[in-house]
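This report covers helix packing, salt bridges and a few individual residues. The sequence and the structure come before the text.

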Amino acid sequence: MSDNTAIALKSKPTSSAGDLVVIPAPEVEAALAAILDSKLFAKAQRMSGLLRFLVGKLLTGAIRDINEYTIGIEVFDRDASTFTPSEDPIVRVQVGRLRDRLKEYYAAGGCNAEIRFDIPIGTHVPTVRRVPQITLDRPRHNVLALRPIQCITAASESSYFSQGLNEELVHQLFQTLGEQLTSPVPLPYDGVNDADARKLARGHGASHMLEGSVRVEGALIRASLRLVDLHEGQITWAGQFDRHFFCAIALQEELAITVCDALKPYF
């Protein structure tokens with residue numbers, strides 16, 4: 001790969017919509033090498049080969065080659081004349097396992113990685129994002145309150161999805177933060193402005209509050225979330241997560257886990 005190659009992508013997290021972050025290829029390759037050298041991947045040859053293939057195609061711009069047929073032949077040595085992805089699910093199975101392995105890696109030894117790879121549900125194309133390294137000046141005695149995620153799309157499926165995402169966030173945040181997550185506080189949007197909601201959260205002993213919205217447009221869904229420091233009265237972190245929309249538990253779980261990973265440096 002050329003040292004002059006770089007990946008340009010939407011910044012996640014980002015402070016303003018449309019910001020672009022350019023990550024030079026050497027940094028992406030160094031992050032990939034760190035993953036492949038880790039205990040979770042060092043002895044998993046097929047898993048490592050799959051990740052190396054996906055990131056390599058992303059770096060060279062060969063996105064069209066990231067499909068089940070090509071992956072099956074080039075990574076898993078399937079016969080080009082007989083391989084049929086609809087009959088042989090090896091690629092879907094292994095990409096799902098890779099997705100889970102990456103989450104495990106970042107939850108453990110790779111939690112401080114500055115550059116992270118993700119494989120969103122519904123696609124085999126990886127995403128690459130730069131995660132700012134957070135240094136807090138005060139002891140980490142932060143407590144998080146979750147304000148129910150607002151659905152701002154009229155379709156009933158969107159409302160059901162946001163309700164399910166709220167439930168999944170409570171579960172995943174509790175698994176991640178334990179006692180640092182307050183009991184769910186009734187902070188509805190109707191009739192409660194931001195200032196009042198944040199005052200209610202402080203009254204429950206919270207130092208931070210997670211709030212945001214979900215909107216659906218055609219086949220796309222965008223979850224926009226922000227972490228508010230209730231003492232400073234300012235946004236500490238914000239992220240936008242775009243996915244292909246389907247009202248499924250797997251998507252709600254994937255989004256909730258991604259958000260939990262982003263919040264770990266603050267708690």
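At what angle do helix α3 and helix α5 pack, and how far apart are their axes?

## Packing of α3 and α5

Helix α3 (residues 45-60) and helix α5 (residues 90-107) pack at an angle of about 90 degrees, and their axes are 10 Å apart. Axes here are lines fitted to C-alpha atoms, for helices over the stretch in contact, and angles run from 0 to 180 degrees between N-to-C directions. The two helices are therefore roughly perpendicular to each other; angles under 35 degrees count as roughly parallel, over 145 as roughly antiparallel, 65 to 115 as roughly perpendicular and the rest as oblique. On the α3 side the contact is made by R46, M47, L50, L51 and L54, and on the α5 side by I90, Q94, V95, R97, L98, R101 and L102. Contact means heavy atoms within 4.5 Å. By class, this contact of α3 with α5 has eight nonpolar, one polar and three charged residues. For these classes, Ala, Val, Leu, Ile, Met, Phe, Trp, Tyr, Cys and Pro count as nonpolar, Asp, Glu, Lys and Arg as charged, and the others, Gly among them, as polar.

## Model and overall content

The model is predicted: local features need pLDDT of at least 70, and side-chain atom pairs count only at pLDDT 80 or more, while totals for chains, interfaces and linings use all residues. Residues are numbered from 1 along each chain as its sequence is written, and side-chain values use heavy atoms, with hydrogens and water left out.

The protein has eight helices and nine strands. Helices (H or I, at least four residues) and strands (E, at least two) are DSSP runs, numbered from the N terminus. Of the 267 residues, 46% count as buried; buried means under 20% relative accessible area, exposed over 50%, and partly exposed in between (1.4 Å probe, protein chains only). Among contacts with a separation of 6 or more, 55% come from residues 24 or more positions apart.

The 18 residues of α5 should span 26 Å at 1.5 Å a residue, and the end C-alpha atoms are 26 Å apart, which agrees. The expected span of a helix is 1.5 Å times one less than its number of residues.

Buried residues of α5 are I90, V91, Q94, V95, G96, L98, R99, L102, K103, Y105 and Y106. They pack against α1 (25-36), α2 (39-42), α3, α4 (68-74), β3 (115-118) and α8 (249-263).

## Packing of α1 and α3

The axes of α1 and α3 come within 11 Å and cross at roughly 175 degrees, which makes α1 roughly antiparallel to α3. Helix α1 contributes A25, V28, E29, L32, I35 and L36 to the contact, and α3 contributes S48, L51, R52, V55 and L59. The residues of this contact of α1 with α3 divide into eight nonpolar, one polar and two charged.

## Salt bridges

A salt bridge is a side-chain nitrogen of Lys or Arg within 4 Å of a carboxyl oxygen of Asp or Glu. By this rule the count comes to 12 salt bridges. One of them joins R226 to E211, with the closest N and O atoms 2.8 Å apart. R226 is in strand β8 (residues 220-229) and E211 in strand β7 (residues 208-217), 15 residues apart. R226 is partly exposed, with a relative accessible area of 25%, whereas E211 counts as buried at 0%.

R243 and E254 also meet in a salt bridge through their side chains (3.0 Å, N to O). This pair links strand β9 (residues 234-244), which holds R243, to helix α8, which holds E254, across 11 residues. R243 and E254 are both buried. K264 forms a salt bridge with D261, the closest N and O atoms being 3.4 Å apart. K264 counts as partly exposed at 25% relative accessibility, and D261 as buried at 10%. Salt bridges that share partners join R147, R198, E211 and R226 into one network.

## Individual residues

Q172 is in helix α6 (residues 156-177) and is buried, with a relative accessible area of 13%. Leaving aside neighbours within four places in sequence, Q172 is in contact with E253, A256, I257 and C260. A113 lies in the loop between α5 and β3 and counts as buried at 19% relative accessibility. The C-alpha atoms of A113 and V131 are separated by 7.5 Å, with the two residues 18 apart along the chain.

D77 is found in the loop between α4 and α5 and counts as exposed at 68% relative accessibility. Phi of D77 is near 55 degrees, a positive value in a residue other than glycine. Most residues other than glycine have a negative phi.
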